[in-house]
Structure formats: structure tokens, C-alpha cells
Amino acid sequence: MSFELPKLTFSYDSLEPYIDTKTMKIHYTKHHQGYVNKLNAALENHPTLQQQSLDELLANIKTLPQELQIAITNNGGGYANHSLFWSIMKPNGGGKPVGSVAEKIIQTFGAFESMQERFNHNAKTVFGSGWSWLCVDKQGELQLLSTPNQDSPIMQALTPIMGLDVWEHAYYLMYQNRRPDYINAWWHVVDWDMVEQRYRLAIK
Ligand code: MN3
């Protein structure tokens with residue numbers, strides 16, 4: 001069994017003008033594909049680990065052979081993070097959260113805008129490369145956090161339901177050093193129906 005790039009549900013140009021075509025294409029076909037290739041290479045000589053799901057590998061990262069921990073953290077994390085990222089974006093997205101996750105956001109943070117402000121703050125203050133996340137913990141509560149590099153929240157026993165890639169490769173062609181502009185633009189392509197689906201799965 002080997003990992004494959006997940007199919008995109010939208011075309012490279014369909015997130016314009018918020019995420020440009022060239023960035024989308026390079027991000028998916030080069031960066032994400034790179035994580036896929038390196039993840040498969042890392043697991044090549046470990047047939048028993050190939051039987052496990054990626055979530056299991058990440059959740060139990062500390063129990064893996066020492067020489068695999070960094071490779072799985074970086075490339076397994078990179079694979080999982082980007083797979084989530086594409087899944088929670090769509091053309092003509094944005095607006096406000098819907099359904100039970102909308103209620104939970106208000107209950108937890110007081111208002112959608114308060115959650116959004118804290119999520120944005122986390123995204124802006126990642127030093128270097130990383131991600132801003134909305135996650136569900138083991139108690140079913142929402143947690144906001146950032147992670148460095150390609151570290152997955154799954155390694156901290158959290159289930160990510162929404163994440164924003166703030167590596168420069170995600171925005172530099174269009175936004176250069178203006179990460180805050182990219183962050184603000186990104187909310188226009190969030191697929192709230194999918195965030196709701198992920199939330200429901202996470203609290204099951
Ligand atoms: Mn990326």
C-alpha cells in the first residue's frame with residue numbers, strides 16, 4: 001500500500017482571486033506530491049507500518065523507530081495537513097460557519113469573529129513556516145493552536161477540522177511578504193459545510 005495525492009474537487013484557477021492559479025498548481029503538484037513521495041519512501045522498508053493508517057502513525061509517533069520519527073512527522077504531517085487543507089476550501093466559499101460547529105464556536109469563543117481573530121493571530125505569529133488550526137480535543141472541545149513546520153495536531157491527540165497553511169510557498173507568488181493579506185483573503189474560500197462534517201466526525 002502506498003499513499004497517493006488525493007483528488008482535488010476544484011480546478012487550480014477556481015480559488016482566484018484569493019489564491020492564484022500558479023500557486024495552487026505548484027502547491028499541489030510539487031509540494032504536496034513531494035510529501036507523498038517522501039512518505040512512501042520512508043515507509044518502503046517497513047511493511048508492518050504500512051498496514052497502519054496515517055492518523056495512527058502520527059498519533060503514535062513517539063513509538064515509531066527513531067529513524068522514522070522525523071520523516072513521518074515532516075512528510076506524514078505534510079501529507080495529512082495538505083489533504084485536510086484542500087478539503088476545507090472551495091470556490092465561492094466563505095461566509096460564516098454553519099450547523100453544530102457554528103453553535104460550538106459561539107459557545108466556546110463567544111462569537112465567530114472572536115474565534116476568527118484568534119485563529120488569525122496564531123496564523124500571523126507563526127515564526128517561519130507552519131499552520132494555524134481549529135481542532136477538537138478528546139473531550140470534544142474546540143482548541144485553537146499553531147504548529148511549526150508540518151507538525152500535525154494529531155501528534156498532540158487533537159483532531160484538526162480546519163487549518164491554514166502559512167508556509168511562504170502557500171502565498172508568496174501573489175502576496176510576497178504580506179501574510180496578513182493572504183490570511184484575510186483565505187476566509188473567502190473556506191468550505192464551512194466540510195468543516196461542519198469534520199466536526200461531526202470528530203465528536204462521534
Ligand atoms: Mn503547503
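Trp-86 has a relative accessible area of 4% and is therefore buried, where buried means under 20% relative accessible area, exposed over 50% and partly exposed in between (1.4 Å probe, protein chains only). This is a predicted model, in which local features need pLDDT of at least 70, side-chain atom pairs count only at pLDDT 80 or more, and totals for chains, interfaces and linings use all residues. Residues are numbered from 1 along each chain as its sequence is written, and side-chain values use heavy atoms, with hydrogens and water left out.

**Exercise 1.** Determine which residues coordinate the manganese ion, and at what distances.

*Solution.* 
Step 1. The donors are His-27 (NE2), His-82 (NE2), Asp-165 (OD) and His-169 (NE2), at 1.9 to 2.1 Å. Donors are N, O and S atoms within 2.8 Å of the metal (3.2 Å for Na, K and Ca); water is not among the atoms, so sites may look incomplete.
Step 2. Along the chain, their spacing reads H-x54-H-x82-D-x3-H.
Step 3. His-27 belongs to helix H1 (residues 21-43) and His-82 to helix H4 (residues 66-87), so this pair ties together parts 55 residues apart in sequence. Helices (H or I, at least four residues) and strands (E, at least two) are DSSP runs, numbered from the N terminus.
Step 4. His-27 counts as buried at 2% relative accessibility, and His-82 at 0%.

**Exercise 2.** Describe how strand E1 (residues 130-136) is enclosed and paired.

*Solution.* 
Step 1. Seven of the seven residues of E1 are buried, so the strand is largely enclosed by the rest of the structure.
Step 2. Gly-130, Ser-132, Leu-134 and Val-136 point one way from E1, while Trp-131, Trp-133 and Cys-135 point the other way.
Step 3. E1 pairs with strand E2 (residues 142-148) in the antiparallel sense over seven bridges; two strands pair if DSSP finds at least two bridges between them. Trp-133 has Leu-145 as its bridge partner in E2.
Step 4. E1 also pairs with strand E3 (residues 159-165), again antiparallel, over six bridges, and Cys-135 stands opposite Pro-160 there.

**Exercise 3.** Classify the ring pair of Tyr-171 and Tyr-182.

*Solution.* 
Step 1. Rings of Phe, Tyr and Trp (its six-membered ring) pair if their centres lie within 6.5 Å; planes under 30 degrees apart count as stacked, over 60 as edge-to-face and the rest as tilted.
Step 2. Tyr-171 is buried, with a relative accessible area of 3%, and Tyr-182 is buried at 1%.
Step 3. At 5.0 Å centre to centre and 25° between the planes, Tyr-171 and Tyr-182 form a stacked pair.
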